[in-house]
Amino acid sequence: MPDLSAGDTAWVLTSAALVLLMTPGLAFFYGGMVRSKAVLNMLMMSFLSLAIVPVVWVLWGYSLAFDGSNGGIVGGLGMIGLDGIGVESADVLGNVPDFAFVAFQAVFAIITVALISGAIAERATFLGWSIFIVLWATIAYFPVANWVWGGGWIAELGAIDFAGGTVVHINAGAAGLALALVLGKRVGWPKTPMRPHNLPFVMLGAGLLWFGWFGFNAGSAVAADGIASAVWVNTLVATSAAILGWLLVDVVKNGHSTTLGAASGAISGLVAITPACAFVSPIGAIIIGLVAGAVCALCVSLKYRWNYDDSLDVVAVHLVGGIVGTLMIGFLATESFTGDPELEGLFYGGGLELLGKQALAAAVVIVFSFVVAYALGLLIQRTVGFRVSEETEVTGIDLEQHLEAGYELTPATGPSRGHAVASASTTQEPGSVNQ
Amino acid sequence: MKLITAVIKPFKLEDVRQALEAFGVAGMTVTDASGYGRQKGHTEVYRGAEYTVDLVPKVRLDIVVADDVADGVVNVIVDAAKTGKIGDGKVWVTSVDTVVRVRTGEGGADAL
């Protein structure tokens, strides 16, 4: 067990804070893409993940993900409430305190759940989404994190996922597809154009996500070392290449380079490099980015062909991007970065074995996450309800669910929502007169 | 008096306004409008989806002038708004019974 390292600890804690910022960033990325009447609800869906997941994580999530691995499937219940972790303990990694690891892994769970919300934008009930967060995190996220990072069966199998291509992106993407199917299409989709209401928000969100992603990927080295540095470069250059790949498709296929395409391209590259970032060279990272950007751009039209309203393209970006990155490890992994002659992709003379393992891991996570999310979606829909009424949806979910509007633009004819009466918190004296 | 209504391409508004000012027209009302004529709409591809854009953005000008200058004003608008391409717009003229200036109560041509 290595000695506790101040440098490593500082980097992991910093990375955890960077990854935390990704969820508000995602809120803006998604918030800008919905129509103006749903912007607050979209932001709230991410903030609800920020509110619920850390509590669940401390209570039982960390234990299910990292307290050993029962049959390679799920951790135990021995660390409920973070039982047994003390200020001095550094049992998991040795070079950083366990609390730093708990923190770093917590923020991954938050963003993963929040990613799903884009598939059901503008139409999910607040209560339904809250319940889904608790149940999906518990039944899908914590076990899959255990499979890959907690010594579970994917780790045993030898499939590799550095920072969460399967755990985070394929997991969230498959769940998003399931929920989009359960909740159904928005009123008017796809006949009514539902274009993004605030593209500057989308660009701002994409920028924050890119920034935070350096913690996500380079932080996953859980050390301030050469691997973290190589990952940093790969995360930079794959993202750049993916923007180029997406815009190329945009221009060739549709005639315009859109800001939405640039922002989505960045995210698709970040997604695809996530599992691969420590196993490929920077040239490999460029290839992964270009492929991911172009493939994801081509996949956004699938929902129109197959008629499912994945509103903000969680499937095309996270599921497809996650698959691209997970599989391309099988082609582009190189011993000079993996440090293991067994972990070498096809293009470097490795066999089909690694690619096969990657494909198996991806396929199982897709099926598992989809089934869990679909079942949970149906359960919630049939009990407390998961979809808002048509009236709420058409009027605007912000006003109906939150009693707020994202943009209070007072019309020339006066206040749009009534006049102030006596302050609700002030008790009126009998006989007093309202001014 | 005549009400001259013109629906033109938005980017021609400034040209038309300057031409009218040079011609001596004292005021106008400008409104953002959308619509289509023989130009019809067009299709756009955005984010993997193809949309038919039926209503094309236009600018609408409403100008009330004295009878004797109406033809001249129409000619000025047509000259300034013309690009020769489809979708340049329309100008039409309607008779007006009464105009009153709110501030002074003046009526008829004096109010213009």
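What we are looking at is a predicted model, in which local features need pLDDT of at least 70 and side-chain atom pairs count only at pLDDT 80 or more, while totals for chains, interfaces and linings use all residues. Residues are numbered from 1 along each chain as its sequence is written, chains are lettered from A and ligands numbered from 1 in the order in which they are written, and side-chain values use heavy atoms, with hydrogens and water left out.

Let me begin with the interface. Seven residues of chain B are in contact with 16 residues of chain A, where contact means heavy atoms within 4.5 Å. The two chains bury about 1,000 Å² between them, 53% of it on carbon and sulfur atoms; buried area here is the accessible area, taken with a 1.4 Å probe, that two parts lose on being put together, summed over both. Of the area that chain B buries against chain A, 72% is supplied by Y46(B), R47(B) and Y51(B), more than by any other three residues.

Which side chains pair up in salt bridges across this interface? The rule finds two such bridges between chain B and chain A. In one, the side chains of R195(A) and E44(B) meet at 3.3 Å, N to O, and in the other R47(B) meets D313(A) at 2.7 Å, N to O. R47(B) lies in the loop between β3 and β4 of chain B, and D313(A) in the loop between α11 (302–306) and α12 (314–332) of chain A, so this pair joins two chains. Helices (H or I, at least four residues) and strands (E, at least two) are DSSP runs, numbered from the N terminus.

The interface also holds three residue pairs in polar contact, both residues at pLDDT 80 or more; a polar contact is a pair of N or O atoms within 3.5 Å, and within protein one must be able to donate a hydrogen and the other to accept it, with residues adjacent in sequence counting only if both atoms are side-chain atoms. On the side of chain B that touches chain A, the elements giving two or more residues are β3 (42–46) and β4 (49–53) of chain B, and β3(B) gives the most, with three residues. That side divides into four nonpolar, one polar and two charged residues, where Ala, Val, Leu, Ile, Met, Phe, Trp, Tyr, Cys and Pro count as nonpolar, Asp, Glu, Lys and Arg as charged, and the others, Gly among them, as polar.

Grid points are joined across faces, edges and corners, and a volume is the space filled by probe spheres set on the points.

The largest pocket holds about 580 Å³ of space, and of its 29 lining residues the closest to the centre are W149(A), D161(A), F162(A), S220(A) and F279(A). Its lining divides into 22 nonpolar, six polar and one charged, and α8(A) gives the most to it, with five residues. The second largest pocket, at about 460 Å³, is lined by 21 residues, of which V7(B), G87(B), D88(B), G89(B) and K90(B) lie nearest its centre, and the division there is nine nonpolar, six polar and six charged.

There is one cavity of 30 Å³ or more, and the largest cavity has a volume of about 200 Å³. Among the 18 residues that line it, M194(A), K303(A), Y304(A), S311(A) and R47(B) are the closest to its centre.

I finish with the backbone. The peptide bond from W189(A) to P190(A) is cis, with omega near 0°, and E122(A), although not a glycine, has a positive phi of about 75°.

Notes
Salt bridge = Lys/Arg side-chain N within 4 Å of Asp/Glu carboxyl O. 1 Å grid on protein atoms, 1.4 Å probe; cavity = no way out; pocket = protein on both sides within 12 Å on 5 of 7 lines; lining within 4 Å.
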